[in-house]
Amino acid sequence: MGKYLDTHYQSIHEPEVFWAEEAKRIHWETPFSQVLDYSSPPFAKWFVGGKTSICYNALDRHLIERANQTALIAVSVETNTEQTYTYQELYTEVNRMAAILKSYGVSKGDRVLIYMPMVAQACFAMLAVLRLGAIHSVVFGGFASHSLAARIEDAQPKMIITAEAGMRGGKVVPYKPLLDEAIELSAYKPEHVLMVSRGLCAFETTPNRDIDYASERNKHLDSLVPCVWLDATDPSYILYTSGTTGKPKGVQRDTGGYAVALATSMDYIFCAKPGQTMFCTSDIGWVVGHGYIIYGPLIHGMATIMFEGTPLKPDAGIWWSLVEKYKVSTMFSSPTAIRVLKKQDPQFIAQRDLSSLEAFFLAGEPLDEPTAQWISSAIQKPIIDNYWQTETGWPILALQRGIEVMPNKFGSPGVPVFGYNMKLLDDVSGKELPAHAKGLLAIEGPLPPGCMQTVWGDDKRFVSTYWQGFEGRLVYSTFDWGIKDDDGYFFILGRTDDVINTAGHRLGTREIEESISSHNNVAEVAVVGIADELKGQVAIAFAIPKNNENIANLEKELMRIVDQQLGPVARPSRIYIVEALPKTRSGKIVRRALQAIAEHRDPGDISTMEDKNVLIQIQNVISQ
Ligand code: AMP
């Protein structure tokens, strides 16, 4: 691993030299004067003095060489549509969208919330916002009104861009009524809502606030809007993620560092080439979708596929037929999706020509060995696990085959990516641990380019949540347990906090508990994550009713509340109605014991528990 080790060493010990070289991958309107300013840790400023635009790097820059090359392929198996846009066509649509936003006053630094299904206009919207130097906050379509309202209040968007509905599994999933409800709930009100009407269902319009995209677009067919050049350190987007408190955190990303990090990752990690096609099956509402459906492939001059639908419709061959049809070179998905496909007839894969495909990447949750083995033998391509977080914006651990071909080890997402100074620490003393010892996976500051700059509007929360002081130095906590082998490969052993990872999506147990508690007959509730064969982990809840009358339908009512407030993505798979919760003598709920019982394991040491009979009662409820 000589070349990898040298590259990684340089990226940590001479970051200025390393990143100055990688920064040449993008266009700088004004060159930077300082590669890194870490004078105020843990706040790292990359490419200080430089001016650039992510939209320019994703579009305008390619027009000379790639105007007629495909940039975006929007496939919906739900509406049975496929639309292809060349770089020139995508540029034109983004300019039209930017002109609409500009005509309604969106300008540098304004926030624009995007609550959209996987349609081409969502891509236009993201790029148009960045073209104007504004900041987008994309909210996943699976979130409902309360989650949306919390994000509206925190980001205070001048405008919200939405569609009346998405579709999933043949069903229309309305967006507009949830958005209207969220705006109603929010103390802050956006000036305008730009409506992309797909003709899927009727919706109500609020006069003077709601604007129709199609008619606005007609007014701006020939509009060209110049890119606003931002400082490299200006924010590009906010993306909310769950943590241990009920309030989601707005992960704030910069501009120059993010563009450089993505461009570098496309080469060294994804080994992709300009002109090739990338198919990332995530959603634009997640960090993987931001980086590897939209910005990474476009900055790299590739074609990218946006996919609305499930991997099983019209049949389990859909993804592979797209690989064949669009000659996909680079695919990126999640272990849960592969576990879904694993149950289907392997003929769906075997009958397709996958010769264009060079590698298959998986991230977001632990990749179990049977799933990795199955997909590896089904498609006969390298399977590359990679580990990262919403906060980092791009991979932390991965094989970096663009630097050097390294052996794959099942169960490990690989080795530290260039720029990440990874440590396994004793969580109490902060001492670095040797190989084979389980420790807290931490990153020694500064975080590399492209990582979270701060929590939106809350520098204090950024420092207090993520940075731990050990022996006079600050380290970033990933909140994951890990272990390292003798070759320097890392293995992830699960979260150190109460965050659940279900189908690769992060859910905070606190948020779900708060939602369930809002029912007027709930006295107390605890939510834990338990192992699930398909989704890796699922949430389950234990609720104590205030009174035992009318509780026959309580589980259903509580599920409905979570659906309405947070969205189906957060719905626990079961909500058990119980009489008491296991607690320590000091009154803390012993979640570890709840989890063990629900997973049919021994609860272990329960000597600190106040009433051991509670566990027996709960066991009875579960086995009923
Ligand atoms: P999110 O920010 O929603 O992407 O969730 C990040 C969390 O997902 C990490 O802190 C890990 O707990 C988990 N995770 C992401 N990728 C992997 C992976 N390749 N292997 C194991 N866990 C992962």
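**Entry 1: lining of the largest cavity**

I sorted the residues lining the largest cavity into 8 nonpolar, 2 polar and 2 charged. For this I counted Ala, Val, Leu, Ile, Met, Phe, Trp, Tyr, Cys and Pro as nonpolar, Asp, Glu, Lys and Arg as charged, and the others, Gly among them, as polar. The model is a predicted one, in which local features need pLDDT of at least 70 and side-chain atom pairs count only at pLDDT 80 or more, while totals for chains, interfaces and linings use all residues. Residue numbers run from 1 along each chain as its sequence is written, and side-chain values use heavy atoms, with hydrogens and water left out.

I took a cavity as a set of points, on a 1 Å grid over the protein atoms alone, where a 1.4 Å probe fits but cannot get out; lining residues have an atom within 4 Å of a point. Grid points are joined across faces, edges and corners, and a volume is the space filled by probe spheres set on the points. By this rule I found 6 cavities of 30 Å³ or more. The largest cavity has a volume of about 90 Å³. Among its lining residues I noted Trp 46, Asp 254, Met 452 and Phe 462. Strand β2 (residues 43-48) supplies the largest share of this lining, 3 residues.

**Entry 2: the ligand**

I then looked up polar contacts, pairs of N or O atoms within 3.5 Å. A polar side-chain atom of Asp 385 lies 2.9 Å from a nitrogen atom of the ligand. A side-chain N or O atom of Thr 390 is 2.6 Å from a ligand oxygen atom. For Arg 495, a side-chain N or O atom is 2.8 Å from an oxygen atom of the ligand.

On its own the ligand has 500 Å² of accessible area, and the protein covers 94% of that (Shrake-Rupley method, 1.4 Å probe).

**Entry 3: the chain**

I counted 20 helices and 33 strands in the protein chain; these are DSSP runs numbered from the N terminus, helices being H or I of at least four residues and strands E of at least two. The radius of gyration is 24 Å, close to the 25 Å that the globule rule gives for 624 residues, so the chain is as compact as a globular protein of that length. I used C-alpha atoms for the radius, and the rule is 2.2 Å times the number of residues to the power 0.38. Along the principal axes, the C-alpha atoms fill a box of roughly 75 × 60 × 55 Å.

**Entry 4: backbone**

I noted a cis peptide bond between Lys 313 and Pro 314, with omega about -5 degrees. Pro 314 lies in the loop between β17 (303-308) and α12 (318-325). The bond from Gly 445 to Pro 446 is also cis.

Key. Polar contact = N/O pair within 3.5 Å; in protein donor to acceptor, adjacent residues only side chain to side chain. 1 Å grid on protein atoms, 1.4 Å probe; cavity = no way out; pocket = protein on both sides within 12 Å on 5 of 7 lines; lining within 4 Å.
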